[in-house]
Amino acid sequence: MAVRVCCRGNRVALHMLSRSLSHSSVSVETLSELDSHTHTPFSRSAIGTFFQERPLLTNPFTQDALLRAYLQRHLAERGVQEELERFGERVVCEVEALGRRCELEPPVLQRYDPWGRRRDRILTCDAWAHLRRISAHEGLVAAAYERTYGDWSRVYQMSKMYLFAPSAGLYTCPLAMTDGAAKVIETLGMPARKAFERLTTRDDKRFWTSGQWMTERRGGSDVSSGTETVAKRQQDGWFKLYGFKWFTSATDADMTLTLARVTDENGRTTPGSRGLSLFLAEVWDSDGSSNGIEVQRLKDKLGTRQVPTAELLLDGMNARLLSEEGRGVASIANMLTITRIYNTVCAVAAMRRIVHLSREYACKRSVFGKLLKDHALHVQTLSRMEVETRAAFLLTMEVCRLLGREENRSASERETLLLRLMTPVAKLYTAKQAVSVVSEGLESFGGQGYIEDTGLPSILRDAQVLSIWEGTTNVLSLDVLRSIAKSSGLVLQAFCSDVQERLLPAESSPALRPALTSLRAALAALMRFCEAAAARPAGAMELSARDLAYSLARVYMGALLLDHASWEHATHTDVYTALRWCDQDLCPVVSRDAAGCFDSQTTAMDSALVYDGLKL
Ligand code: UCC
């Protein structure tokens with residue numbers, strides 16, 4: 001009864017307050033005095049300006065113990081840490097606000113000019129253009145091709161990208177494709193030198209971004225049979241492309257790489273992968289009109305709303321052949337390697353960002369009488385997120401290191417094989433980790449994690465795409481099988497010997513022994529599985545593809561964590577991370593195999609379960 005009276009009292013007070021305010025006749029001081037006399041608990045002055053402290057974003061470089069230690073160990077060159085610290089400050093002070101504006105001011109499609117003429121324009125906000133300039137100046141693509149740090153140039157470049165990504169409003173998407181296009185051109189022996197120079201310049205007036213238009217109406221996975229676009233040869237040796245690109249990211253690009261089927265003199269094309277060739281096209285003509293492109297519509301997406309993703313009709317787009325005829329898929333595979341590595345970097349960066357914000361918040365938010373940071377259960381949850389993030393970080397940086405060595409022509413045969421195997425493994429595994437860690441991170445803010453204008457939900461929305469674009473988890477698992485088949489198993493031998501070598505330094509550390517024992521057992525079981533699987537029918541191998549990829553990821557991450565924990569300046573935290581990582585099932589492909597998950601009758605049972613109750 002007393003409570004009800006009190007509430008009614010409050011309502012009256014609030015009503016009086018709003019009436020007073022609407023007549024603008026009561027000064028703030030007078031209200032405060034009134035409240036202090038009456039002790040009205042929910043009056044304006046009593047609730048204050050804020051309900052809760054917000055988590056602050058501080059320099060992502062100085063806050064990142066593992067990144068700094070990793071660079072201290074491997075890239076202790078003069079100025080690298082100082083440069084990244086400077087850039088980290090720029091991310092906080094400048095990039096963060098631009099990225100947020102890109103989320104709040106998404107691209108719009110303008111179809112007609114004021115006089116009714118069809119003139120497709122995708123309008124992006126100023127902040128998007130500003131991010132483009134920053135990207136050029138900072139050499140976010142260029143750094144990879146300048147090769148200032150030799151074998152470590154990719155590690156340097158991707159460290160910068162990792163700091164940039166979580167604040168950059170998905171500008172990493174055009175950068176990924178730009179870098180991928182530069183890589184393709186370089187690998188093909190510079191057939192488009194001018195374009196290459198523009199893609200890799202630091203001069204923002206000359207800087208070009210590139211698209212990667214692969215996905216057509218039949219979908220983006222089965223590129224070889226789904227690509228309908230045709231290329232008609234012109235007398236001058238150029239081609240006109242006709243087709244429908246269903247999901248094209250960052251359509252404000254200056255140029256694009258795309259696949260099409262060259263028609264013969266009778267208009268026929270070759271089906272399948274052998275019929276696909278790679279083309280380069282500039283998106284805009286010199287007069288500013290589009291190069292035979294109609295924008296059908298912008299995509300309405302769950303996340304990545306900052307990116308102008310569209311459906312495009314190519315209606316006679318002028319393009320030049322870049323690859324040998326019929327070598328389109330093999331040629332664009334180099335671009336896929338780069339964009340998949342970007343995907344991996346962005347996944348780890350999203351994890352790191354949410355972990356930073358979560359731990360910052362835990363130092364401010366008080367519940368049940370104490371700060372979140374003093375609740376052991378809460379800290380355990382954050383610690384598990386941290387272990388995932390550290391494992392993902394080391395795998396990502398290792399793939400970048402391998403790429404850098406390959407590009408600097410110093411990779412051994414084993415490293416080249418490992419790069420091929422671990423690129424899809426890293427992409428598929430970190431993408432899933434990102435969704436899970438970011439989702440957990442949102443939960444650590446309670447209801448605030450679900451509130452749009454905190455900016456937190458967009459981190460989860462944007463993470464969700466990571467397991468989809470550049471190949472879904474299953475498509476990439478099949479790519480792992482492709483790499484094994486194509487190398488006749490050599491990628492697995494490279495994997496095994498690399499892991500074994502990395503584990504040697506851990507032998508001298510008693511603290512690491514439990515992790516070392518688990519990891520060696522997992523590696524042995526994994527290799528036994530792979531040897532036995534070689535004798536199985538192809539279907540059984542396919543069924544185990546996802547679990548095999550997960551096992552490769554977990555074992556390799558474990559080896560990298562042990563390696564890092566055996567370093568001379570390793571900390572207790574590094575040792576603890578390795579132990580925690582290795583206390584999970586490191587080799588799910590073996591445990592699932594033992595449970596019969598890949599048996600032939602299991603497929604029928606899976607099917608019966610999935611379609612149970614479905615009425616056709
Ligand atoms: O376009 C998209 C959205 C763009 C957004 C980009 C933003 C990224 C931002 C990230 C950071 C934020 S999404 C597009 C999604 N689609 C895909 O990723 C394609 C997925 N599908 C595949 O990966 C397929 O498995 C295909 C297309 C590669 C399979 O085609 P085929 O024709 O069946 O493949 P084959 O016959 O096995 O291989 C053809 C050739 C072979 O070379 P050769 O002829 O010399 O033997 C293969 O070895 O291609 C080679 N190859 C590869 N080489 C195939 N895959 C690879 C690879 N991964 N690495 C090297």
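Two notes before you start. Residues are numbered from 1 along each chain as its sequence is written, and side-chain values use heavy atoms, with hydrogens and water left out. Because the model is predicted, local features need pLDDT of at least 70 and side-chain atom pairs count only at pLDDT 80 or more, whereas totals for chains, interfaces and linings use all residues.

**Stop 1: the ligand shell**

Helices are DSSP runs of H or I with at least four residues, strands are E runs of at least two, and both are numbered from the N terminus.

**Stop 2: polar atoms at the ligand**

Show the side chains of Gln212, Arg327 and Arg420. A polar side-chain atom of Arg327 sits 2.8 Å from a ligand oxygen. For Gln212, the distance from a polar side-chain atom to a ligand oxygen is 3.2 Å. At Arg420, a side-chain N or O atom is 3.4 Å from a nitrogen of the ligand. Taken alone, the ligand exposes 1,200 Å², and the protein buries 81% of that. Accessible areas come from the Shrake-Rupley method with a 1.4 Å probe; for residues, only the protein chains shown count as cover.

**Stop 3: Arg352 on H12**

Stay on helix H12 and pick Arg352. Is Arg352 buried or exposed? Arg352 counts as buried, because its relative accessibility is 6%. The terms are: buried under 20% relative accessible area, exposed over 50%, partly exposed in between (1.4 Å probe, protein chains only).

Beyond four places in sequence, Arg352 touches Asp64, Tyr162, Glu386, Thr389 and Arg390. Contact means heavy atoms within 4.5 Å. With the Asp64 side chain, the Arg352 side chain makes a polar contact at 3.5 Å. That term covers N or O pairs within 3.5 Å; within protein, one atom must be able to donate a hydrogen and the other to accept it, and residues adjacent in sequence count only if both atoms are side-chain atoms.

**Stop 4: helix H15**

Select 456–464. This is H15, with 7 of its 9 residues buried. Among the buried ones are Arg461 and Asp462. Their cover includes H5 (80–104), H12 and H14 (413–443).

**Stop 5**

Pick Glu407 in helix H13. Glu407 is buried at 10% relative accessibility. Its contacts, beyond four places in sequence, are Ala144, Arg147, Arg154, Lys183 and Ile338.

Step to Arg409, in the loop between H13 (376–407) and H14. Arg409 is exposed, with a relative accessible area of 78%. Its phi is positive, near 55°, and it is not a glycine.

**Stop 5: Ala250**

Finish in the loop between strands E6 (239–248) and E7 (255–262), at Ala250. Ala250, also not a glycine, has a positive phi of about 45°. Ala250 is buried, with a relative accessible area of 1%.
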